[in-house]
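Welcome, and please take a moment to look over the sequence and the model below. Once you have turned the structure around a few times, read on for a guided walk through it.

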Amino acid sequence: FVAGRGGIEIIGTNGLSVSVIPVSGPVYCLAVAPDGSVLAGMKDHVEVFGRDGIRKAVWKSPDPKTDLTSIAASSNAVFACDYVNRAVWRFNLSGELTGRIGDKDSGQRKKGFVVPSAFFDAATAADGTVWIVNPGEHLIEHFTADGEFISSWGKYSMEADGFCGCCNPSNLALMPDGSFVTSEKHIVRVKVYDRDGIFRGIISGQEDWQKEAVGLDLAVDSSGRIVVLDPQ
């Protein structure tokens, strides 16, 4: 599923277009829920479509300043990353707002989410928990479905195993075995870490991309095939 100004295009495993879901404006992020519903982030709110292209619902914007950059869905919750509010909004599958994840606290998250630019991503795990990138802190943070902080991994480093610049990684996806795929901007590269956050290698480096490439979005299919979107 590929979102853009002209709609959401569904592409088969052979790389050929299957159909296009028309939308009323640019789609900034999307996710496909386990029930097959297509969740489109329309900057400040979420719209829900069936595979047949029919719009089923328009969810209320959680905040007047909302600017969505990522949506992740589990079997009972939807998580929407809002880079302006530095928060992840949690909805139930009916579109009701049920919580906000990521505010700073007196414990391990004294800064909350640090989001210097419009790259703020999340991915759900098979157990219903959610992994959220804290880009300004160069961390990937783990939360329960209810928004309780569990753990984090990542570090600032110019070496291949770390994340550099003001705010990386820019995008995140999970493999079927629970390992991680990340992408970065400025030093453009796609990397793999195991399920404990241990660096395994670079699968696509700076030499594979144009210098100005920014915001390589990531998706992984059920067989572990990694798909990378190059907006440029």
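The paragraphs below move from strands to turns, then to cysteines and the surface.

Please keep in mind that this is a predicted model. For C81, the relative accessibility is 0%.

Now look at the partners of β9. Strands of a sheet pair through backbone hydrogen bonds, and the pairing can be parallel or antiparallel. Strand β8, made of residues 68-73, runs antiparallel to β9, and 5 bridges join the two. Within this pair, A72 has F79 of β9 as its bridge partner. A hairpin is formed by β8 and β9, with 4 residues between them.

Strand β10, residues 87-91, is also joined to β9 by 5 bridges, and these two strands run antiparallel. Here A80 stands opposite W89 of β10. The hairpin of β9 and β10 has 4 residues between its strands, and R86 in this hairpin takes a positive phi near 50°.

Strand β7, residues 55-58, is joined to β6 by 3 bridges, and the two run antiparallel. The bridge partner of V48 in β7 is A57. Between β6 and β7 there are 5 residues, and G53 in the turn of this hairpin has a positive phi of about 90°.

K43 has a phi of about 70° although K43 is not a glycine. You will find K43 in the loop between β5 (38-41) and β6 (46-49). With a relative accessibility of 37%, K43 counts as partly exposed. H186, also a residue other than glycine, has a positive phi near 75°. H186 sits in the loop between β17 (180-184) and β18 (189-193). This residue is exposed, since the relative accessible area of H186 is 53% and the cut-off for exposed is over 50%.

Next, turn to an open sheet. Its 4 strands come in the order β12-β13-β14-β15, and the pairing is antiparallel. The edge strands are β12 (122-124) and β15 (149-153), each of which pairs on one side only. On average, neighbouring strands of this sheet are turned by 20° against each other, direction ignored. Looking at one pair in detail, strand β14, residues 139-143, is joined to β15 by 4 bridges, and the two run antiparallel. In this pair, F143 stands opposite F149 of β15.

The peptide bond from N168 to P169 is cis, with omega near 0°.

Now for the cysteines. A disulfide is a covalent bond between the sulfur atoms of two cysteines. The count here comes to 1 disulfide. C166 and C167 are joined by it, with 2.4 Å from S to S.

What keeps C29 from a bond with C81, the cysteine with the closest sulfur? The sulfur of C29 is 8.1 Å from that of C81, which is too far for a bond. C81 itself is in no disulfide, and its nearest cysteine sulfur is that of C29. C29 counts as buried, with a relative accessibility of 7%.

Finally, visit the surface. V2, I11 and L229 form a nonpolar patch there, and together they have about 200 Å² of accessible area. One of these residues, I11, is found in strand β2, which spans residues 7-11. I11 is partly exposed, with a relative accessible area of 36%.

Definitions and conventions. Residues are numbered from 1 along each chain as its sequence is written. This is a predicted model: local features need pLDDT of at least 70, side-chain atom pairs count only at pLDDT 80 or more; totals for chains, interfaces and linings use all residues. Side-chain values use heavy atoms; hydrogens and water are left out. A disulfide is a pair of cysteine sulfur atoms within 2.5 Å. Buried means under 20% relative accessible area, exposed over 50%, partly exposed in between (1.4 Å probe, protein chains only). Two strands pair if DSSP finds at least two bridges between them. Axes are lines fitted to C-alpha atoms, for helices over the stretch in contact, and angles run from 0 to 180 degrees between N-to-C directions. Patches are made of residues with over 30% relative accessible area and no salt bridge: like charges are joined within 9 Å, nonpolar side chains (Val, Leu, Ile, Met, Phe, Trp, Tyr) within 5 Å. Accessible areas come from the Shrake-Rupley method with a 1.4 Å probe; for residues, only the protein chains shown count as cover. A salt bridge is a side-chain nitrogen of Lys or Arg within 4 Å of a carboxyl oxygen of Asp or Glu.
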